[in-house]
Amino acid sequence: MFSRSVKVGLVGVLALSAFVGGLFSSRSVARAQDMQPQSFFVQAGGLGPGNVEVLAFAPQSLQVHRGDTVTWAINSFHNIRFADGPTDMVIMGEVNGQLVPQFNPAVAFPTIESGAVYSGGEANSGLPADPAAPKTFSLVMNMEPGTYSYVCDIHPGMVGLITVVADDQPVPAPAEAAVQGATELLGAIGAGTEALLQLEAAPPASTADGAAVQAGNGGTGRTTVNQFFPFSTTIKAGESVTWTIPADSVEPHTVSWPAVRGQDVAPILVEGGPPILTMGPSILPMTESGTTVGADGSFSSGLFNPGQSFTLTFSEPGTYNYVCNIHPGMSGTIVVEPGA
Ligand SMILES: [Cu+2]
């Protein structure tokens, strides 16, 4: 069933790539021959078949003229902040005299509106208010010629470049830049799809210490496969399961049962100011690693990061259909049989 959906997805992506290739009629143009401002598209992240996700801007590097518009298609959950490097997504802040983790306001809230003219310096799109809604963000580039970097703070390492080229110098046409972006995304999705098929075929093996489950994958650069491997694990009551995210992965996950989705943020309203965005039950740790859980219990690791593990011991027979709270479609099953 899996391989079928992978094939269909790839065919669709390849068909799209051929279509975009067909648009390849206009070539690089200098401003002198083309006084109309142009409009460029950049993909902020990309989604592939089998829960493969690319955490990169594509094209990663874009050339424009002053006055051109850049529009980012924000695929899933990203911000766009012009800056030299990322800042912390989560900071500790005071709520009622206690320090609690909260989303950094410098990341969460916009400092420039979509459609505005950008003339340099720090500027932030803020986070999408509704992560599920399709979203775009546009800026008119009004900087001096030079190269400007921007980042997504949610995904450290997700960096894009915009080079403003002097008016008398050519830049690749928007269609050409779009093909470049599609090529970069296709390559990254292809690497993720290959990793997915390999992990499906040969998931991590259990050891004497208990069952092993890998959350996500490593070794594919800016691409993440948001799946548990193996999908289904059978143990006996009293045995344990350890979930591990490879150190060279680029994405955190949760291990949670039952699912608590769409509650990443618990806003606290503040009179006369922006709300404090504390972390919500989808991503807050609820269960310590090493805990023993029964059939009537629930568990949630909270966000854990590449290189980290989370272990549970299951005392009661049953079927536990657990999920990652932050990645829709990322789920697994632990079947606990009666003990020997
Ligand atoms: Cu996940």
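User: Where does S76 lie?

Analyst: This is a predicted model, in which local features need pLDDT of at least 70, side-chain atom pairs count only at pLDDT 80 or more, and totals for chains, interfaces and linings use all residues. Residues are numbered from 1 along each chain as its sequence is written, and side-chain values use heavy atoms, with hydrogens and water left out. Strands are DSSP runs (E, at least two residues) numbered from the N terminus. S76 is located in the loop between β5 and β6 (81-82).

User: What is the phi of S76?

Analyst: Most residues other than glycine have a negative phi, and most peptide bonds are trans. S76 has a positive phi near 70°. N51, also not a glycine, has a positive phi of about 65° and belongs to the loop between β2 (39-48) and β3.

User: Which peptide bonds are cis?

Analyst: The bond from A58 to P59 is cis, with omega near 0°, and P59 sits in the loop between β3 (52-58) and β4 (61-65). The bond from W257 to P258 is cis as well, with omega near -5°; P258 is in the loop between β20 (256-257) and β21 (265-268).

User: Is T224 buried or exposed?

Analyst: Buried means under 20% relative accessible area, exposed over 50%, and partly exposed in between (1.4 Å probe, protein chains only). T224 has 0% relative accessibility, so it counts as buried. This residue is part of strand β16 (residues 223-225). Its side chain makes a polar contact of 2.8 Å with that of N226; such a contact is a pair of N or O atoms within 3.5 Å, and within protein one must be able to donate a hydrogen and the other to accept it, while residues adjacent in sequence count only if both atoms are side-chain atoms.

User: Which residues are the protein donors of the copper ion?

Analyst: Donors are N, O and S atoms within 2.8 Å of the metal (3.2 Å for Na, K and Ca), and sites may look incomplete because water is not among the atoms. Here they are H253 (ND1), C324 (SG), H327 (ND1) and M330 (SD), at 1.9 to 2.6 Å from the copper ion. Both C324 and M330 are buried.

User: What is the geometry of the site of the copper ion?

Analyst: Ideal angles at a metal are 109.5 degrees for four tetrahedral donors. Four donors count as tetrahedral if all angles lie between 85 and 135 degrees. The angles among the four donor atoms of the copper ion are 88 to 132°, and the site is tetrahedral.

User: How many aromatic pairs are there?

Analyst: A pair of aromatic rings is described by the distance of the centres and the angle of the planes. Rings of Phe, Tyr and Trp (its six-membered ring) pair if their centres lie within 6.5 Å; planes under 30 degrees apart count as stacked, over 60 as edge-to-face and the rest as tilted. The count comes to 14 aromatic pairs. In one of them, W72 and Y150 have ring centres 5.3 Å apart and planes at 75°, so this pair is edge-to-face. The pair links distant parts of the chain, with W72 in strand β5 (residues 69-74) and Y150 in strand β12 (residues 146-151), 78 residues apart.

User: In which sense do β15 and strand β19 pair, parallel or antiparallel?

Analyst: Two strands pair if DSSP finds at least two bridges between them. β15 and strand β19 (residues 240-244) are parallel, with four bridges, and A212 is opposite T242 in β19.

Terms used
Tetrahedral: all angles 85-135°; square planar, octahedral: opposite > 155°, others 65-115°.
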